[in-house]
Amino acid sequence: MAIKRIGTQTIKFVNPPLLISTASIVGPKEGEGPLGEYFDKVLSDDLFQEVSWEKAESKMTKEAISLATNKAQLKIPDIQYLLGGDLLNQLIATTYAARDLQIPFLGLYGACSTMAESLALGGILIDGGFADRVVAATSSHFSSAERQFRFPLELGNQRPLTAQWTVTGAGAVILSEKGKGPTITHVTTGKVLDYGIADASNMGAAMAPAAASTIVSHFSDTGFKPEDYDLIITGDLGIYGGEIAIELVRNRGLDIMKNYSDCGIEIFNGKKQDTHAGGSGCGCSAVVFCGYLYKKLVEKKYRKILLVSTGALFSPLSLQQGESIPSIAHAVTIECN
Amino acid sequence: MKRQTENKKRYQQLVKEISPKPHYIKNCTWAFFVGGFISMIGQFIHNSVERMLNLSHLEATNATILIMIFVGALLTGLGIYDRIGKRAGAGSIVPITGFANSIVSPAMEFKREGYIFGVAARMFTLAGPVLVYGITSSVLVGLIYYLLK
């Protein structure tokens, strides 16, 4: 009998795991954005003294994990599991970091939903009594993502207004069964949804139904109301995807308008930084959570938030074969105590 | 099943309503002026080499194409062409400088994957289709022209 399950898609932890420390590393553009001051490290060069962007991304992940471990006054061998992923084929950014760190590793792919996915699974490992300390880490890099999913950087093309800007950044969270910090209390695992959007430059629209579905399931499973949260924040729906998600949730009888935001909207100043619809990528919800939201939770500016990381589960190959973009969203409730 | 397709249709309608439309007039104006300006430079080079190097019209055309491709490649290498393209759109894609950009940009991008499977193999990922269909259609048009003549 699964005593920790409530409703159809949600887990309620019995011994809520604590988030004892976080670390975030971002690229120069993210550092210039409105949340710049909240990040632990802002790179002056997005190559991070490496020879390729993939290596730079991997180094960011590794440094973020080391930094989060140091902040928690732990050493790498104290960490029992590394859960994480990125956007690159075969998760090369995370796996090469895991090669160097030698922490038992479970690689995850949930596209940009990976931050919530790794937090959720990390929480399950701890509450289940399978681990005492786990690190959840995800990353993305504008330049490594562009070349895999879109066009060469120097190509003179125009980005549509609905296009988003992949965040260069890595975030790591240390989850522990004891210590001090906010806790994860609930996890709602999303289903893969596809409403037939096939435009890779309008991923907010592709992901909005998945976000709305997970949010609605979360409230019906837990019995919470939107007002119970100080903030309901999606991963990277951007400006238009966010609007669509609010509308879809409203159609199901819930109003999240007042306390809704999106990490992709928060991280950049769209007008000044020319990022169009907002930020995206695994790193987007990772650094916004690890940098900004975590600090606000520790300061008790936010008492309870719902982080809904959203992922578009497509590949350039599937799009060329005429498939539409399936999406997923996972929600985690984080409370300060 | 039917309901599902209807839901999808309704959703796509909602997305269409919320998503912003591109600024057609602004984009067309930029494309018109930048494209025109690039063409004007081409014409200027054409006239100059024709006169100064004493070339025939066709020879001057070939020389102009070479120069324009060089300029497009150089501006791509310097990181300027993508900034022009951001504003100009088709205005800087359609001229031959844009063709140079579509070859040089993947070549630069994949340099780290080596000179064979990186630079050389990826160089034509964008320009390849243009070459294949461009050459095919020129052959077809040539054949039709030959038969009608």
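A residue counts as buried when its relative accessible area is under 20%. This report applies that term to a helix in a predicted model.

**Helix 5 of chain A**

Helix 5 of chain A is mostly covered, with 8 of its 8 residues buried. These buried residues are A:F142, A:S143, A:S144, A:A145, A:E146, A:R147, A:Q148 and A:F149. The cover over them includes helix 2, strand 7 (133-140), strand 8 (165-166) and helix 11 (316-320), which belong to chain A, together with helix 6 (96-109) of chain B.

Helix 2 (residues 53-71) of chain A packs with helix 5 (residues 142-149) of chain A at an angle of about 130°, and their axes are 8 Å apart. Helix 2 of chain A is therefore oblique to helix 5 of chain A. The crossing of helix 2 of chain A and helix 5 of chain A is left-handed. On the side of helix 2 of chain A, the residues in contact are A:W53, A:E54 and A:E57; they meet A:S143, A:S144 and A:R147 of helix 5 of chain A. By type, the residues of this contact comprise 1 nonpolar, 2 polar and 3 charged.

**Annotated spans of chain B**

For chain B, an unreviewed UniProt entry gives the annotation "transmembrane region" to residues 24-45, 65-81, 88-108 and 128-148.

Methods. Residues numbered from 1 in each chain as written. Chains lettered and ligands numbered in written order. Predicted model: local features only at pLDDT ≥ 70, side-chain atom pairs only at ≥ 80, totals over all residues. Heavy atoms only, no water. Axes fitted to C-alpha atoms, helices over the stretch in contact; angles between N-to-C directions. Helix = DSSP H or I, 4+ residues; strand = E, 2+ residues; numbered from the N terminus. Parallel < 35°, antiparallel > 145°, perpendicular 65-115°, else oblique. Left-handed = near helix turned anticlockwise from the far one by under 90°. Contact = heavy atoms within 4.5 Å. Nonpolar A, V, L, I, M, F, W, Y, C, P; charged D, E, K, R; others polar. UniProt positions renumbered as here; feature names shortened; annotations may be inferred. Buried < 20%, exposed > 50% of the residue type's maximum accessible area, 1.4 Å probe, protein only.
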